[in-house]
Amino acid sequence: MFKNIKRYGLLILVAAMTLSSCVKKDARQNNYPAPVIPEPAIGTVFTVGQILDVWRDSGAQPNYVNDTIFKDDCSVYGIVTDDETSGNLYKASFIQDRAEGEAIELYLKGVSGLRIGDSVRVCLKGAVLGAYRGTPQIQNLDPINIIVLKNEQYIEPIVVNINEIENHLCQLVRLETVQFLTPDTTWADPDGYGERTLQQFDENGGFVGEIMVRTSNYAAFAEKQLPQGNGYLNAIVTVYTSSSNETWQLVVRGVSPAEVLMEGPRYN
């Protein structure tokens, strides 16, 4: 009896070892290393400002697309100033040149893992220099062609007056002593974009001007109440141009106290 038990035990052990060997062999066969994808060539390096000069020289039409295709290896460097994390942007981000302050929107072929503060090299070959309704964009851009060099290289917003806003297209700005005209609502409507009027005042309470804050209903903060008081707001400057009108607007990155804080008394 003990001989049979030993014989069966030996058979079970051999079978287990064989099965284990097969599993390991199959795992090795199916666990190929990921292919190494070489980074695109750097090629000619442009600044954001140089790219914008090309855009302006081409006429800067409100709707033109496929106007300038980057056919050769070339790159532009910048810092990401807005990303898709909040949901207020989709397949898009903005980069800004730290030295010159010039900025442009990146319109992507897919979602990306870019984060605010990423220092990036954008490989331009195959991309298109265009615009959407007057806001300059690098279009048809594959996220794989954006190389993240460093993280947390944040750019501080430029403090601006509403009347100077047209000098800061696509840039990260801060407006101070501002308040919403009608704060008793949310950032966006349930079925579309929210278009909320932001007013600015001087230190004496004098009215300076107003601008639209445009928010997607997909933003994580879309259903939150607008701030009730007066204070500051950080945002990206964009423009929407039609055949009869040019509307300057702000896109906020989030509603944390670091981005939006309006707890002071209102001016009216």
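**Figure 1. The largest pocket of the predicted model**. In this predicted model, the largest pocket holds about 570 Å³ of space. Its lining comprises 21 residues. Those lying nearest the centre of the pocket are L89, E105, Y132, Y193 and R214. By class, 10 residues of the lining are nonpolar, 8 are polar and 3 are charged.

**Figure 2. Strands that contribute to the lining of the largest pocket**. At least two lining residues come from each of β4 (92–96), β5 (103–108), β8 (135–141), β13 (207–215), β14 (230–241) and β15 (246–251). Among these strands, β14 gives the most to the lining, with 3 residues.

**Figure 3. The salt bridge between R214 and E195**. R214, one of the residues nearest the centre of the largest pocket, forms a salt bridge with E195. The closest N and O atoms of this pair are 3.4 Å apart.

**Figure 4. The salt bridge between R196 and D189**. The closest N and O atoms of R196 and D189 lie 2.9 Å apart. Burial is assigned under 20% relative accessible area; R196, at 10%, is therefore buried. D189 has a relative accessible area of 30% and is partly exposed.

**Figure 5. The salt bridge between E259 and R253**. In this pair, a separation of 2.9 Å is found between the closest N and O atoms. E259 is buried, with a relative accessible area of 12%. R253 also counts as buried, because its relative accessibility is 13%, a value below the 20% limit for that class.

**Figure 6. A salt-bridge network formed by D53, R56 and E102**. Salt bridges that share partners join D53, R56 and E102 into one network. The structure holds 7 salt bridges in total.

Notes: Residues are numbered from 1 along each chain as its sequence is written. This is a predicted model: local features need pLDDT of at least 70, side-chain atom pairs count only at pLDDT 80 or more; totals for chains, interfaces and linings use all residues. Side-chain values use heavy atoms; hydrogens and water are left out. On a 1 Å grid over the protein atoms alone, a cavity is a set of points where a 1.4 Å probe fits but cannot get out, and a pocket is an open set with protein on both sides within 12 Å along at least five of seven lines; lining residues have an atom within 4 Å of a point. Grid points are joined across faces, edges and corners, and a volume is the space filled by probe spheres set on the points. Helices (H or I, at least four residues) and strands (E, at least two) are DSSP runs, numbered from the N terminus. Ala, Val, Leu, Ile, Met, Phe, Trp, Tyr, Cys and Pro count as nonpolar, Asp, Glu, Lys and Arg as charged, and the others, Gly among them, as polar. A salt bridge is a side-chain nitrogen of Lys or Arg within 4 Å of a carboxyl oxygen of Asp or Glu. Buried means under 20% relative accessible area, exposed over 50%, partly exposed in between (1.4 Å probe, protein chains only).
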